[in-house]
Structure formats: C-alpha cells, structure tokens
Amino acid sequence: MSTNDNPEEPEGTGRPPEPPKSPEPQKSPEPPKSPELPQRPQSPQQPRSAEPGQPPRAPEPAEPSEEAPAQPEETGRQRLAAGLWPPRVSRAQLIVALLLFVLGLGLAIQVRSNSDSSALRGARQEDLVRILDELDGRTKRLEDEKQRLEDQRKELESSSDQAEEARRQTVEKERQLGILAGTVAAQGPGITLKITDPTGQVQSDQLLDTLQELRAAGAEAIQINGVRIVASSYFSDEDGGVAIDGKKITQPYEFKVIGKPQDLEPALNIPGGVVQTLEKEQATVAVTRSAKIVVDALRAAKQPDYARSSSG
C-alpha cells in the first residue's frame, strides 16, 4: 500500500494541474436600433438664384474624367457631298420628275418634226406649185409604167406562143433602152426651146438647170445643138460658149425635147422658173410645141469593162 494521502489519480496523468481560468469580461448591452425609414429619391439640385425673380441658372456640365479625342472639322465640300448623297427622294418628287421627262421628250419630238418641214415652209409659192406639178407628173408616169408592165404580163400569160411574145417584148425593150442610151434615133411629140444670148451672160450651170427641169417634167429624149444628152452628160464653160461632154457649142442654144408638151412647156414657164431666170440675164427664150420632134444625134455604145449581165 502506498502511504500517499492524495486520492488516487488515473493512470497516465503525470501532467501538472492546469491553472485556473480568469473570468471573461462581460459585454455591455447594445442600444436598441431604431427602425429604418424609407429614403426619398433625391431630386436634382436646382441652382439657387442669388436674387428672387431671376430665372434659375443652367447647371454647369460635369467635367469628364477623361478628355475625348478631338474630331477633325469637315470642309464645305464634304458637308455638301454628305447632303447630296445618298439622295433623299420622296414619292411626289419621283412623280414630278417623270412628268418633266415626258414633257421634255414631247417637246424634243415636236421640235424635230418642225425642223424637218422647215425646208418646204420657207419655200416660195411658185416653188411649191412647181414641186406639186413635178410630183403629179412623176406619179402619172409611174402609174403608166405600172399599167404597161401589167399588160405585158397578161400578154405573156395569155399568148399561145409565149416564146414569140417574149422575143417581141425583148426587141421592144432593147429599142427603149437604146433611146435612153442615145444609141438609136427617136421621134415623137415634144417642144423646141431656143435660147438667144446676145450679151453672153448665160453660163453652163443655167443650161444644166434647164436640162434638169425638162427631165423632171418627163422629157424622154433631149438633143442640144447636135449633141445627144444621156445620163453621163456634163456641162462646162468654154471661151465664148459652153461645152457639153467636151464638145463646144455656141449660142443660140437649141433644145429638142421629146415628151408630153402639156407638161414640158408649163414646167419652163412657171413663176421663178427657167424662163424668168434666163430673161433676168438679158437672154431671149422661145418655146414651141410640136407634134413631131426628131432626135437623131447618136452616141456610140460603150462596152463596159467590168460590168456583166447577171442573167444566164
């Protein structure tokens, strides 16, 4: 037995006894919190005026924390381009533009049609009468030619011997072409035109105008002072006279013309026509109708160098 008076300790408790803990200080009681009131939204503070009756001053803009980069100033051309493009077109503007376009197109067509007829509008009354007579004469000749060709066609269709009829028409056509080419003589009704020029004022161009007037009136064969007139004839001035196809002729100039006298003579005597023009040059003009005019001056047939018949 042990002689220790202390009570028994549990085994393994060889540690010294812990010191007694000091008492913790007591916390003072917190005051009771008052209930939170709802906060009213703060309205922007209005600047107070220094004196009553004056309008409030505008609030000064808050200074930005960071400075914005400076924008380059636009030039006047850039502002104009920005205002023009892209275009801002309304429906009413489109309708007005369409109406203006149609109006301009109509005016352009009207001006063009007026300019086309300006040549005849400025012509004299005598010229208009002459033009109408020439058109009537040409129309009549074309109608006669059409009727003649139709008669030939009918003869070919109804002829018992078509070969003989075709041969006959071929001979007749050759004779007609010979008259036009000046290779054969011709006779028929027509007129004789004699121009006497004592002062020598009549030039080649005036004789050429006379020839063209006769052709327009329906002349079929023409002879001037023994020179046969054909499609290739030309006029030139020579000393003391006029040359036709290089052959000199002298006045008086005598035209032998085969055609319808009722058309040939009025064409020369219309106001402002050939007769009046020649008389202004102190020339004397005499026109005589005849039932038989003989044109016997001939031209040698010229063989073409390159042209060949396309038939056969």
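Visitor: Hi! Before we look around, what does "buried" mean here?
Guide: Buried means under 20% relative accessible area, while exposed means over 50% and partly exposed is in between. One more thing to know at the start: this is a predicted model.

Visitor: Great. So is valine 257 buried or exposed?
Guide: Valine 257 counts as buried, because its relative accessibility is 0%. You'll find valine 257 in strand S7, which covers residues 253-258.

Visitor: And what sits 6.7 Å from valine 257, going by C-alpha atoms?
Guide: That's glutamine 223: the two C-alpha atoms are separated by 6.7 Å, although the residues are 34 apart along the chain. Glutamine 223 belongs to strand S2, residues 221-224.

Visitor: Is glutamine 223 buried or exposed?
Guide: Glutamine 223 has 7% relative accessibility, so it counts as buried.

Visitor: What does the side chain of glutamine 223 reach?
Guide: It reaches the backbone nitrogen of aspartate 296, at 3.1 Å.

Visitor: Switching topic: how many salt bridges are there?
Guide: The count comes to five. Side chains of opposite charge can pair when their charged atoms come close.

Visitor: Can you walk me through some? Which residue does arginine 148 pair with?
Guide: Arginine 148 forms a salt bridge with glutamate 145, and their closest N and O atoms are 2.3 Å apart. Both lie in helix H4 (residues 125-158), three residues apart, which is about one turn of the helix. Arginine 148 counts as partly exposed at 23% relative accessibility, and glutamate 145 is partly exposed too, with 31%.

Visitor: What about aspartate 245, which partner does it have?
Guide: Aspartate 245 forms a salt bridge with arginine 299, the closest N and O atoms being 2.8 Å apart. Aspartate 245 is in the loop between strands S5 and S6, and arginine 299 is in the segment after strand S8, so this pair ties together parts that are 54 residues apart in sequence.

Visitor: Where are the two residues of the glutamate 265 and arginine 289 pair?
Guide: Their side chains meet in a salt bridge at 2.3 Å, N to O. Glutamate 265 is in helix H7 (residues 261-269) and arginine 289 in strand S8, so to speak a link between distant parts of the chain, 24 residues apart. Arginine 289 is partly exposed, with a relative accessible area of 45%.

Visitor: Last one: which residues form the negative surface patch?
Guide: Asp205, Asp209, Asp237, Glu238 and Asp239 form it. Helix H6 (204-216) and strand S4 (235-238) each supply at least two residues of that patch. Aspartate 205, found in helix H6, counts as partly exposed at 45% relative accessibility.

Note on methods. Residues are numbered from 1 along each chain as its sequence is written. This is a predicted model: local features need pLDDT of at least 70, side-chain atom pairs count only at pLDDT 80 or more; totals for chains, interfaces and linings use all residues. Side-chain values use heavy atoms; hydrogens and water are left out. Patches are made of residues with over 30% relative accessible area and no salt bridge: like charges are joined within 9 Å, nonpolar side chains (Val, Leu, Ile, Met, Phe, Trp, Tyr) within 5 Å. Accessible areas come from the Shrake-Rupley method with a 1.4 Å probe; for residues, only the protein chains shown count as cover. A salt bridge is a side-chain nitrogen of Lys or Arg within 4 Å of a carboxyl oxygen of Asp or Glu. Lys and Arg count as positive and Asp and Glu as negative; His and the chain ends are not counted. The place of a charge is taken as NZ of Lys, CZ of Arg, CG of Asp or CD of Glu. Helices (H or I, at least four residues) and strands (E, at least two) are DSSP runs, numbered from the N terminus. Buried means under 20% relative accessible area, exposed over 50%, partly exposed in between (1.4 Å probe, protein chains only). A polar contact is a pair of N or O atoms within 3.5 Å; within protein, one must be able to donate a hydrogen and the other to accept it, and residues adjacent in sequence count only if both atoms are side-chain atoms.
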